[in-house]
Amino acid sequence: MTETVDALAGLVAGGGVVVLSGAGLSTESGIPDYRGPSGAARRHTPMTYQVFTRDAQARRRYWARSHLGWRMIARAAPNEGHRAVARLQAGGLVEGIITQNVDGLHTAAGSPRVVELHGRLDEVVCLGCGNRTSREELDRRLREANPGFDARVAAVNPDGDVDLADDEVARFRTVDCTFCRGGMLKPDVVFFGETVPAARVSRCFELVARARLLLVLGSSLTVMSGRRFVVRAAKLGIPVVIVNQGPTRGDGYAALTVNAPLGRLLPALADRTAGDAAAGLAGVGR
């Protein structure tokens, strides 16, 4: 562990780091991942944009499940890994964060300059008029429309919904946009089969292009949505470091790969780089 932290610290200490984070960073906050140790993807098929927008019954099923499951996301608190990244950012070593997560935990940990690639579950958008509202407001409306809806939760999935029986889904009532009166509401996240807004992708590419080092935290890089930034960094000659529990599809591009729990490794890295900075300042003062 000490040698690993030393190796990472040597690469991070020069600053100019851009972090690309994935679901593995949030598992220690109680949010399952898709492909890591919790293996949630083996039993759960995520909602696609096409099914959500075209199938009213599938949309009802999604909202019934998500109405219960998102409360777990809302209660989740940043873990030591999130806080360590915020410390590295506050210390001037991390220039920006690109996160594939929709839980908002980087911001909750105190990190500024976070690009939320796939949006946030705590915000809702109307697909008809584009009006945005808070998930808290939608939760209030859904509670009013579904008094006594207290279906037993069998399992919580990575995208904030849960497994429910069909009879429980059948008695759930959805609600529409109140601004345009009838527009279809959707969590302001990028579903599978949906395109990430071009301006957001461009902003991420700009961050990567200015980076001295791309540090991947807790992502299997299975889908191109995140892996493209690793590929771009490698093409630009920017070193890539990957910290994840298990292999990733970006390992071939990495100058260093580390298989370790982020909640232990990142605080040690933040402590070490802070210590190195303090020692350097002490030396300058002599």
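1. Two strands count as paired if DSSP finds at least two bridges between them. Strands (E, at least two residues) and helices (H or I, at least four) are DSSP runs, numbered from the N terminus. Please keep in mind that this is a predicted model, where local features need pLDDT of at least 70, side-chain atom pairs count only at pLDDT 80 or more, and totals for chains, interfaces and linings use all residues. Residues are numbered from 1 along each chain as its sequence is written, and side-chain values use heavy atoms, leaving out hydrogens and water.

2. Strand β4 (residues 119-126) and β6 run antiparallel and are joined by 4 bridges.

3. Now for the whole sheet: it is open, with 3 strands in the order β5-β4-β6 and antiparallel pairing. Because β5 (132-134) and β6 (185-189) stand at the edges with a single partner strand each, one side of each has no neighbour in the sheet. From one strand to the next, the twist averages 45°.

4. Which helix lies across β4, β5 and β6? That is α6 (residues 135-145), running at about 65° to β4. Such angles run from 0 to 180 degrees between N-to-C directions, with axes fitted to C-alpha atoms, for helices over the stretch in contact (heavy atoms within 4.5 Å).

5. Finally, have a look at helix α3 (residues 56-75), which gives 5 residues, the largest share, to the lining of the second largest pocket. A pocket is an open set of points on a 1 Å grid over the protein atoms alone, where a 1.4 Å probe fits, with protein on both sides within 12 Å along at least five of seven lines; lining residues have an atom within 4 Å of a point. Among the lining residues are W63, D176 and L185.
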